[in-house]
Amino acid sequence: MAETLVRFEGVRKTYGAGGPAAVAGLDLDIARGELMTLLGPSGSGKTTTLMMLAGFEAPSAGRILLDGRDIAPLPPHRRGIGVVFQSYALFPHMSVAENVAFPLSVRGVPRAERQARVARALEMVRLGGFGERRPAQLSGGQQQRVALARALVFEPPIVLLDEPLGALDKALREEMQLEIRHLHQRLGVTMMYVTHDQAEALTLADRIAVFEGGRIRQVADPATLYNRPADAFVAGFVGENNLLPGEIAAREGEEVTVRLRCGPVVAAQAADCGGPGEACLLAIRPERIAVAAVTAAELGAGALPAVLREAIFLGDHVRLRLAVGDGGELLAKRPAGLGRLPEPGGPAAIAWPEGAAFAFRDTPRRG
Ligand code: ADP
Ligand code: MG
């Protein structure tokens with residue numbers, strides 16, 4: 001494991017007295033050279049976490065270490081951290097080159113060196129030759145590249161990006177995601193990248209920290225998050241998932257039997273759940289569910305009877321909304337043009353491979 005650059009130790013943040021904690025006890029290590037994304041819904045504490053590292057907010061408790069040193073005494077400009085925020089606008093009255101030179105001017109870098117470094121930073125974000133323009137003469141994507149150049153120009157050991165692509169349209173956002181990823185690979189600079197968009201987090205990151213309610217639910221690489229979510233929140237937030245309420249009927253080691261509230265009794269892997277009698281959520285990914293236009297008995301042991309409610313054709317795949325048991329509903333996905341679909345309202349059967357369903361406790365563990 002690479003050396004730790006940033007360490008959050010028991011960090012809490014409460015805005016105002018007696019309010020709920022925006023960040024409720026954060027322990028997180030970021031390795032030197034890593035690109036870590038903080039992924040979570042709005043209000044989960046991602047921005048507050050970055051603001052405390054950048055020095056714009058002070059933790060209410062806990063410590064933040066940069067290179068092993070507690071940074072509490074350092075004001076923002078002494079922390080050597082580059083920031084790109086969605087709302088962190090460029091100075092409109094300055095040229096692109098002057099904007100990028102700004103962090104160097106503040107640090108008293110001599111003029112000749114400043115010019116050379118600005119030219120290099122603009123080249124890096126593919127904006128060589130744009131130095132004389134005003135921000136208003138650039139597209140949204142180009143403006144965010146200037147902001148990126150401004151954050152990188154003083155060669156900080158770590159750059160913080162808070163939803164930097166939020167204002168861009170989808171195509172440009174995807175192009176910029178790859179650009180940031182390649183820039184990170186080329187420069188080897190440590191990055192912390194905040195987003196509420198899971199596709200963006202999966203595209204960019206070496207590792208993803210999933211936030212919810214001011215806490216980290218899981219820190220893992222994209223494949224682990226998807227295939228081995230730590231709890232029901234992560235299972236539902238990263239990628240699509242069916243989460244059906246039920247109760248553990250029996251447990252033998254990591255194998256459980258779940259009685260679904262809608263009726264059927266199914267086998268599952270114990271992901272994070274209790275024993276017999278405890279409430280749980282059964283998680284099954286839509287793409288793992290096979291749907292056949294036959295009865296459950298014809299499909300074989302373990303198959304469940306279902307009724308197709310709706311099939312939505314989406315070009316490369318079809319989304320199937322299925323009724324199961326008494327009031328249960330499941331989403332299944334399958335490649336388009338793959339065999340016959342059940343008639344809407346007609347008999348159908350569903351099944352999934354052994355090991356594809358997981359049981360989670362249905363109230364996430366706190367603290
Ligand atoms: P995220 O970036 O994940 O959307 P934030 O860190 O911005 O989340 O916010 C976390 C919580 O803290 C939210 O409940 C938000 O309303 C609250 N909060 C954020 N900034 C402030 C502030 N300056 N004053 C009071 N409450 C705040
Ligand atoms: Mg935010």
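This is a predicted model: local features need pLDDT of at least 70, side-chain atom pairs count only at pLDDT 80 or more; totals for chains, interfaces and linings use all residues.
Trainee: Which helix has the lowest confidence in the protein chain?
Mentor: Start with the whole chain. Its mean pLDDT is 92, and 98% of its residues reach 70 or more. Strand S4, residues 61-66, is highest at 98. The lowest mean, 84, belongs to residues 296-299, helix H9.

Trainee: Which residue's side chain has a polar atom 2.5 Å from an oxygen atom of ligand 1?
Mentor: Take the polar contacts in turn. Tyr15 has a polar side-chain atom 3.5 Å from a nitrogen atom of ligand 1. Lys46 places one 2.8 Å from an oxygen atom of the ligand. The 2.5 Å distance to a ligand oxygen belongs to the side chain of Thr48.

Trainee: How much of the accessible area of ligand 1 does the protein cover?
Mentor: Take ligand 1 on its own to begin. Its accessible area is then 560 Å². Of that area, the protein covers 54%.

Trainee: Which helix gives the most residues to the shell around ligand 1?
Mentor: Look at who surrounds the ligand. The shell includes Pro41, Ser42, Gly43, Ser44, Gly45, Lys46, Thr47 and Thr48. The top helix spans residues 46-54 and gives three residues. That is helix H1.

Trainee: How many residues in the shell around ligand 1 are polar?
Mentor: Sort the shell by class. Three residues are nonpolar and one is charged. Ala22 is also among the residues around the ligand. The polar count is six.

Trainee: Which strand supplies the largest share of the lining of the second largest pocket?
Mentor: The lining has 17 residues, and those nearest the pocket centre are Ala267, Gly302, Trp352, Pro353 and Glu354. Two strands each supply at least two lining residues: S13 (265-272) and S19 (347-351). The largest share is five residues, and it comes from S13.

Trainee: What is the volume of that second largest pocket, and how many of its lining residues are nonpolar?
Mentor: The space in the second largest pocket is about 230 Å³. Its lining holds three polar and two charged residues. The nonpolar count is 12.

Trainee: How many cavities of 30 Å³ or more does a search of the whole structure find?
Mentor: The largest cavity holds about 30 Å³ of space. The search covers the whole structure. The number found is one.

Key. Residues are numbered from 1 along each chain as its sequence is written. Chains are lettered from A and ligands numbered from 1 in the order in which they are written. Side-chain values use heavy atoms; hydrogens and water are left out. On a 1 Å grid over the protein atoms alone, a cavity is a set of points where a 1.4 Å probe fits but cannot get out, and a pocket is an open set with protein on both sides within 12 Å along at least five of seven lines; lining residues have an atom within 4 Å of a point. Grid points are joined across faces, edges and corners, and a volume is the space filled by probe spheres set on the points. Helices (H or I, at least four residues) and strands (E, at least two) are DSSP runs, numbered from the N terminus. Ala, Val, Leu, Ile, Met, Phe, Trp, Tyr, Cys and Pro count as nonpolar, Asp, Glu, Lys and Arg as charged, and the others, Gly among them, as polar. A residue is near a molecule or strand if one of its heavy atoms lies within 4 Å of it. A polar contact is a pair of N or O atoms within 3.5 Å; within protein, one must be able to donate a hydrogen and the other to accept it, and residues adjacent in sequence count only if both atoms are side-chain atoms. Accessible areas come from the Shrake-Rupley method with a 1.4 Å probe; for residues, only the protein chains shown count as cover. pLDDT is the predictor's confidence in each residue, from 0 to 100.
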